[in-house]
Amino acid sequence: MDLEVDLLIVGAGPTGLFAAYYAGFRDLSVALVDSLPEAGGQITAMYPEKMIYDVAGFPAVRGRDLVAGLVHQAAQWNPAYLLGRQARTLSTVDDKLAVGLADGGVVRAASVLVTAGIGEFKPRPLPAGEGWLDRGVVHFVPALSVHTGQDVVVVGGGDSAFDWALALHPIAASVTVVHRRATFRAHPPTVRQVRDLGVRIITDAEVLALRGDGRVAEVELGLKSGDRTALPAQAVVAALGFTADLGPIETWGVELDHRAIVVDSTMRTARDRVYAAGDVAQYPGKVKLIATGFGEAATAVNNIAVALDPDAHLFPGHSSNAG
């Protein structure tokens, strides 16, 4: 399938979805491409049930609800979604940017906005969990209800581990956090919340083995003291972080800085008519928040609109004045 649009957005996470809305507001035809099968990027893939607390206007919003709102907001402009399709190559053909997809399709665009977040990510495996994936071992929790009444062991010491412990505590029969160190990378207030709930936390311990008949039923831990102990568990959440890279985007002729794309104040990259916004974009003083990505998306799209039509105004007015 070939397609021609004013703007191709590479990455359908929150920043890309808001950029799609704003591109429509600027009267640009737009398509979004993402290797994931659903819109929402990292939120949909990793923590759709988690509460997010740092989006302006929402004291707290569940991940999947934020994504649904962004999709609904963009829908008024009918963006084209090319999901489950990886963007691989970027070339210039007849004064258009041609993005080649992994399935052989080509999208021709007047401009490209990369909102790929952290890029393609893979969860770090739990060594003792080999062979148990989807038989009780999971890396993410797409639906909390699946773990209702279960004994859940969460392995890890970062934000994700403690976020899952908070989310699962109200519905699971028990939640235990296991970490190989005595200190945590997680946000200290979140750790305090988990402790205050009475969630069991076992430190200086590692998972030695999983046991069960077809599915996980028990987790064996090795303690720093040399002792071993077993915990009942019908689910093990391996929240050990992930590895990520930009994949083919690294070959697109943009300047990179630690797996992020260097941009100027207009969100423009080193390659003509290619812009970046959200976590994938890098500049001095950058703060990686969803809220930051929303502002960068609007900045990028407004500058793209002027680049495509020099007679256009950089600031189009407030959306509340439209209609």
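Let me begin with the open sheet of 5 strands, whose order is E10-E17-E11-E12-E13 and whose pairing is parallel; please bear in mind throughout that what we have on the screen is a predicted model. The edges of this sheet are taken by strand E10, residues 137–138, and strand E13, residues 200–202, and because each of them has a single partner strand, one side of each is left without a neighbour in the sheet.

Two packed helices are described by the angle between their axes and the distance between the axes. For helix H4, residues 159–168, and helix H5, residues 188–196, the axes come within 10 Å and cross at roughly 35 degrees, and the crossing in which H4 passes H5 is left-handed. On the H4 side the residues that meet the partner are Phe162, Asp163, Ala165 and Leu166, and on the H5 side they are Thr190, Val191, Gln193 and Val194; by class, the residues of this contact divide into 5 nonpolar, 2 polar and 1 charged.

Which residues does Leu166 contact, once we leave aside its neighbours within four places in sequence? They are Thr190, Gln193, Val194 and Leu197. Leu166 also lies 8.7 Å from Val199, C-alpha to C-alpha, although the two are 33 residues apart in sequence.

The other helix pair I want to show is helix H1, residues 14–25, with helix H6, residues 290–308, which pack at an angle of about 35 degrees with their axes 8 Å apart. In this pair H1 passes H6 in a right-handed crossing. From H1 the contact draws on Pro14, Thr15, Phe18, Ala19, Tyr22 and Ala23, and these meet a set of residues in H6 that includes Ile290, Phe294, Ala298 and Val301. The residues of the contact divide into 10 nonpolar and 3 polar, with no charged residue.

Let me now turn to a further sheet, an open one of 3 strands in the order E14-E15-E16, where the pairing is antiparallel. Its edge strands are E14 and strand E16, residues 228–232, each of which pairs on one side only, and neighbouring strands of the sheet are turned by 30 degrees against each other on average, direction ignored. Strand E15, residues 218–223, pairs with E16 in the antiparallel sense over 5 bridges, and Glu218 stands opposite Pro232 in E16. In the hairpin of E15 and E16 there are 4 residues between the strands, and Gly226 takes a positive phi near 100 degrees.

Finally, strand E14 leads us to a pocket. E14, residues 205–211, gives the largest share of the lining of the second largest pocket, namely 3 residues. The volume of this pocket is about 360 Å³, and of its 18 lining residues, Leu126, Pro127, Val155, Arg180 and Leu240 lie nearest its centre. By class, the lining has 10 nonpolar, 3 polar and 5 charged residues.

Notes:
Residues numbered from 1 in each chain as written. Predicted model: local features only at pLDDT ≥ 70, side-chain atom pairs only at ≥ 80, totals over all residues. Heavy atoms only, no water. 1 Å grid on protein atoms, 1.4 Å probe; cavity = no way out; pocket = protein on both sides within 12 Å on 5 of 7 lines; lining within 4 Å. Points joined across faces, edges and corners; volume = space filled by probe spheres on them. Helix = DSSP H or I, 4+ residues; strand = E, 2+ residues; numbered from the N terminus. Nonpolar A, V, L, I, M, F, W, Y, C, P; charged D, E, K, R; others polar. Pairing = 2+ DSSP bridges. Axes fitted to C-alpha atoms, helices over the stretch in contact; angles between N-to-C directions. Left-handed = near helix turned anticlockwise from the far one by under 90°. Contact = heavy atoms within 4.5 Å.
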